[in-house]
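Please find below a colleague's note on the model shown here. The points are numbered so that each may be taken up separately.

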Amino acid sequence: MTNVILLGPPGAGKGTQAKRLVVERGMTQLSTGDMLREARISGSEMGLKVAAVMDAGGLVTDEIVIGLIREKLQHGGSAGYIFDGFPRTLAQADALGDLLSQMGQKLDAVVAMEVDDGVLVRRIVGRYTCGNCSAVYHDETHPTAKPGVCDSCGSTNLVRRADDNEESLRHRLMEYYKKTSPLIGYYYAKGDLKRVDALAKVEEVAAAVSSVLDRG
Ligand code: AP5
């Protein structure tokens, strides 16, 4: 059982790498962003409450996201968890440590995905995903083989996120530097932090992440 956090700013490639680990290692991706987007689509009270915050690029409350992760971990039965976009605050990091220890588990690695802000706008503004299977694409670097059709599942429901615009991205980056980047020091001090060059090609980043996991 391997549990890993993918830590990085919006557009660092956390979702892209998490999906590869699911396929290659049978791990379970826990993306709080995906969970919140599902809650919005379902029209639940919580989903409606968080919609405006997400679209503006702010952080949803710790209470809500910790609750989402707690619920998923209670299901158990995984070859390991990939925490994608969680934790994002020190309170979330402490809560995750407590939840894992209550389950008799631990974190094996925290992968800091290092990028330059300059590339993030291009990555975010060009991104689209499959609304059916969540496969991630990019207008320039990774378009679907057949325009308008998902390579993975054949769906034509390709969508762009409401927060994938420059204004919202600026706010998301600000939130990242203010509230999430302190986690780099937090996990470094605990001895869990491993740094990966996330500016490299997707396959090279994947190889670097795999090597972190294999070293343990
Ligand atoms: P969330 O969904 O987690 O978004 P994010 O952290 O902003 O990250 P992204 O999904 O935008 O980027 P990514 O790193 O996954 O990049 P991707 O692989 O897609 O959160 C959304 C919102 O939900 C937050 O703003 C907040 O409101 C709320 N939220 C979520 N979690 C929360 C929490 N814990 N606490 C509070 N609020 C929370 O890649 C991006 C693009 O680049 C793609 O097109 C991809 O094809 C391309 N790409 C990827 N890797 C490479 C590469 N190596 N080279 C070239 N292109 C690449």
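The points that follow concern a predicted model and treat its sheet, its helices and one arginine in turn.

1. Sheet order. The sheet is open and consists of five strands, arranged as E2-E3-E1-E4-E8 with parallel pairing. From one strand to the next, the twist averages 25°.

2. Pairing of E3. In general, the strands of a sheet pair through backbone hydrogen bonds, in either a parallel or an antiparallel sense. Here, four bridges link E2 with strand E3 (residues 81–84) in the parallel sense, and threonine 28 is found opposite tyrosine 81 in E3. E3 also runs parallel to E1, to which three bridges join it; in E3, aspartate 84 is the residue opposite leucine 6.

3. Faces of E3. In a regular strand, side chains alternate between the two faces of the sheet. Which residues of E3 are buried on each side? Tyr81 and Phe83 are buried on one side, and Ile82 and Asp84 on the other, so that both faces of the strand are covered, as judged by a relative accessible area under 20%.

4. Packing of H2 and H4. The angle between the axes and the distance between them describe two packed helices. For helix H2 (residues 32–42) and helix H4 (residues 62–75), the axes come within 10 Å and the crossing angle is roughly 100°. H2 is therefore roughly perpendicular to H4. H2 contributes Thr32, Met35 and Leu36 to the contact, while H4 contributes Ile64, Val65, Leu68, Ile69 and Lys72. Classified by type, the residues in this contact of H2 with H4 are six nonpolar, one polar and one charged.

5. Arginine 172. This residue is located in helix H7 (residues 166–180). Is arginine 172 buried or exposed? Its relative accessible area is 12%, and because the cut-off for burial is under 20%, arginine 172 counts as buried. The side chain of arginine 172 makes a polar contact of 3.1 Å with that of aspartate 164. Beyond neighbours within four places in sequence, arginine 172 is in contact with Pro10, Gly57, Ile124, Arg127, Arg161, Asp163 and Asp164.

Key: Residues are numbered from 1 along each chain as its sequence is written. This is a predicted model: local features need pLDDT of at least 70, side-chain atom pairs count only at pLDDT 80 or more; totals for chains, interfaces and linings use all residues. Side-chain values use heavy atoms; hydrogens and water are left out. Helices (H or I, at least four residues) and strands (E, at least two) are DSSP runs, numbered from the N terminus. Buried means under 20% relative accessible area, exposed over 50%, partly exposed in between (1.4 Å probe, protein chains only). A polar contact is a pair of N or O atoms within 3.5 Å; within protein, one must be able to donate a hydrogen and the other to accept it, and residues adjacent in sequence count only if both atoms are side-chain atoms. Contact means heavy atoms within 4.5 Å. Two strands pair if DSSP finds at least two bridges between them. Axes are lines fitted to C-alpha atoms, for helices over the stretch in contact, and angles run from 0 to 180 degrees between N-to-C directions. Angles under 35 degrees count as roughly parallel, over 145 as roughly antiparallel, 65 to 115 as roughly perpendicular and the rest as oblique. Ala, Val, Leu, Ile, Met, Phe, Trp, Tyr, Cys and Pro count as nonpolar, Asp, Glu, Lys and Arg as charged, and the others, Gly among them, as polar.
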